[in-house]
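Below is a short briefing on the fold of one protein chain.

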Amino acid sequence: MLGTALGAGPLSAALAETPPDALREGTFLLAVTTADLAAHTGLPVLGALNDPANTPAWTTTRTDRPTAYFGIDPLADAVARLAAPAEPRADPSAAVAPTASSGGPTPTAPPRRPEDDEMPGTLPLPANAQPPHLGRTRPAAPAATLRTALVLRRSALPPADHGPDRVGALPPSCLVLTNSHALAATIAPRCQARRALLVSTDDTDGAPPDGARRWTGPSDGAALTGERLAALRPHVRVLVDVRPETTPWPGPPPTALTRLHDALLTALKGFGPRMADGSLAVVVHDALTAGLGHPHGALLTGMVRSLAWELPRRHTLALVTDAAPRQALSQLATELAADRDRPVVHYSNGTRLTEHLLAAPLPADRETGSPLTADSVLVAAGGARGITATILRDLAARHRPTIWLLGTTPIDGIGDDLALAAPEAEGTLRRAHIARAVSARPPRSVAAANREFTALWQGREVVANLRRLRALCGADRVHYLRCDITDAAATARAARTVLAHHPRIDLLIHAATRSRPALLAAKTLQDVHHVLDTKVGGYLNLKAAFAPSPPALWCNFGSDVPLFGFPGDLDYVAANAFLGAAARYDSALGTGREITIGWGLWTESGFAAGELERERTRRFGLATGLTDAEGTAAFRSEIADPRTLEAHPLWTSPSERALAERHSPGITAALDPDPPASRTLLGAPDRQGTDHAEWTWTLDPHRDTYLLDHTLDQRPVLAGTLFLALAAEAAGALAPGTSPTTLENARFHEYVWADPTHPGPTKYRITARRSGPTRIQVAMLSDITAPDGKTLVKDRRHAGVDIRTPNATATAPDPAHGTDGQPPVTRLRRLDPTWQSRSPLRLFGPFRNLLDVEQTPTHIHARWHTHLGPHDPYAQLPLPALLLDAMVRTTFFNAGEPEHTHIRVLRGIDRIELPTACSDRELSLRHPEGIPLTCDLATDDCTATTPSGRLVARLTGVDTPAVARIASPPVRTPRTPR
């Protein structure tokens, strides 16, 4: 029995909940045998481990003495007691002198991370790493595994960091890496002026710009030699271009990009321990199409998430931006100068965005149906073991589909003696196999025989699972193809075999994974390629192989590890970040429905089946997760019809969310379980009578930052539908307990420039006056005053609306979700034009909610959905203002103009019907599959219904004059109608 404790640093002490100087390093070796065997062989017996008086407490770390060994105190105690039996119980901290640790520990047997067949591992955190913001107060998290989603929200820049170790965007004598000669040309003069080494991995024809060197790969000994790096300061800057015109999707990462990954790792390893005083900043130039990050860019941001644990975290940053190179460097300088606590930030149209985790539950009473039947065909890559096998057995028991498994494990030669063996017989069978191997002619080594048996035992798991599946589905309905999905040709052959038998695939699961955890000093390029080839290369090979007949549903099994970026797993975190981005990108821009489930910890199947693995994960605070029953139910809910619009759900446990909060403070703030305080937009009226009321609407720089999400010409302007919410609230003061069911004669005369950061002198007034038993007129007014206070214009009218308060019954017209009498090919995929940089109207945060836009000759069809936390200002509005705004935006598309859209402003709506009082948040939670929207291109009348056809809202007489016409070509290929 061998135990080693290394990495006795402050972060390990924090994880062990011991004082920073309480941990010690050491290695203890103990020979354990039975009393009979010891007597037979003459071994001296030092003591008995089953002595009731001296049984060690098998806990992770001792906290009842001044010093301890992280994770191996029981073994240390046993060695100390047995080595000195005549003395009182010894403190093993005296057995080994403390060791100074200036770097990360040497990885031994890392704890395993959740996902599937070959579970990725984790490593102890570097001894010199400081726990990030341990003292920061964070909201209490819900004590259960939650379905969550990661969203981008506008975020203020933290205060400036005036510390002596602050670094700039381009420090003197730094290293600059890029995958683009064009990017290199924009920065080459500055690099020369600052004596920086500029290296390009661009493989296109032509020489790099003056002052830049080309790097062609690890065999290129010219650009990144140890001698060159030694002459530089340990500051690394990476400028990467993943815009669609340079990095097409779908498709593999270009050679220049994969070389850039290699160059980055080569440089970081070359700088070695000097990086403790250095910095790493990655700038990802991304068009942010549809508000989404490019999957190839996610590879770089994923690496940074992991490296932030090993490198100085305040000086480790990935910045994703749609800005031009010069402006991007300015954004980088601003971020590096701030007291920043996030490893990844985004900039869209100059607006700073950070990631936030929001609850995305599926309603318990949601009416769904399984897309699978006995006639269904499933393909699973990497599904013969682990949690995928558990899920497949559940589906087999329920539906008896045809299943094709693609795996690399050989199963030939697995006899019944092995296939039917109980798990506890592994040790006996392994010893017997090794004994036969070493006595064979010619003999094989013990190590070789041990590897042989490991492969056989893994094959036994595959055979056992195949037998279970065939017992459930039938022997002729479950197939196993030996296929290495990192081999494009082999994957294509396997796909042809499957498609020759079944032209239609109902569900494909990509669950193959590999992990090679190692801290930066020990990480090799071969390790990184192995991990990325399996998850990323395997995904791309499967996509290409099944392109002739795309599966009806594509499901990737990912991990929630990008939330907290484990140290030593830069490749594994990058691969999972890629899969999450790919699912969102392909669902928004592709031709089919794709999902990547970011699984958290499973406590029964996969890596957590053994006590050792559970104990190891507990050391990192990961102690809770999904049972098999909960996990299989979660999977069924994700693939159920109607399918949800969230392409990358994360099933996170409380411990995983806590670790994410430590990694990126504030990321879980929206999960605060405390009920939100009642909040109104207007507050109490200034004056109120029986039939009238008046409010002064004053902008508050802290309360009203949500107004920054809606801008026109880069100025915050009040959305017309938010005025309708203000009006509904005002009407409620005159008719308490009622909800507006119909709004009429909505007119918008003057913009309401509403910048809470610079409120200005304008004071807006809201007036409400009852004009009949069921009608209340609401208006927004302001006065124009001169600097001396003189009123120049009195009661300038900005907007007005008539609100009818009694409930009314409305029926939905035909929502026209069919093909409008046209063949499906006439349905064009479009994007919300307000996502484009050319649009004068730019929306952020919850306003980015218009999805799956399709155009026919006569109608626009779309789906609406948004993620809102309970404390979000939009969550408590008296009417669904975000939904109404999205309905108005469906009028931006014109019949006969498939290549352009018209950016419009709202001038009027004759009638708004709201049969049921519902907020945006209530609608989103009730309908995760989205609210279908339809706009009649001839009349601009808009309808929102539930998927079952019940009317949610209807707009008639919509008046939206155009303020700009921009190029907005359709997305690549029309989606098959649902």
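The chain contains 21 helices and 38 strands. The model is a predicted one. Of its 978 residues, 56% are buried.

**Whole chain**
- Among contacts in the chain with a separation of 6 or more, 76% are between residues 24 or more positions apart.

**Helices α6 and α7**
- Helix α6 covers residues 255–271 and helix α7 covers residues 295–307.
- Their axes come within 10 Å and cross at roughly 15 degrees.
- Angles under 35 degrees count as roughly parallel, so α6 is described as roughly parallel to α7.
- The crossing of α6 past α7 is right-handed.
- On the α6 side, the residues that meet α7 are L257, H261, L264 and L268.
- On the α7 side, H296, L299, L300, M303 and L307 meet α6.

**Sheet of β24, β23 and β30**
- An open sheet is formed by 3 strands in the order β24-β23-β30, with antiparallel pairing.
- The edge strands are β24 (715–716) and β30 (841–843).
- Each edge strand has a single partner strand, so one side of each is left without a neighbour in the sheet.
- Strand β23 spans residues 710–712 and pairs with β30 in the antiparallel sense over 3 bridges.
- L712 stands opposite L841 in β30.

Key
Residues are numbered from 1 along each chain as its sequence is written. This is a predicted model: local features need pLDDT of at least 70, side-chain atom pairs count only at pLDDT 80 or more; totals for chains, interfaces and linings use all residues. Side-chain values use heavy atoms; hydrogens and water are left out. Two strands pair if DSSP finds at least two bridges between them. Helices (H or I, at least four residues) and strands (E, at least two) are DSSP runs, numbered from the N terminus. Buried means under 20% relative accessible area, exposed over 50%, partly exposed in between (1.4 Å probe, protein chains only). Contact means heavy atoms within 4.5 Å. Axes are lines fitted to C-alpha atoms, for helices over the stretch in contact, and angles run from 0 to 180 degrees between N-to-C directions. Angles under 35 degrees count as roughly parallel, over 145 as roughly antiparallel, 65 to 115 as roughly perpendicular and the rest as oblique. A crossing is left-handed if the near helix is turned anticlockwise from the far one by less than a right angle, and right-handed if clockwise.
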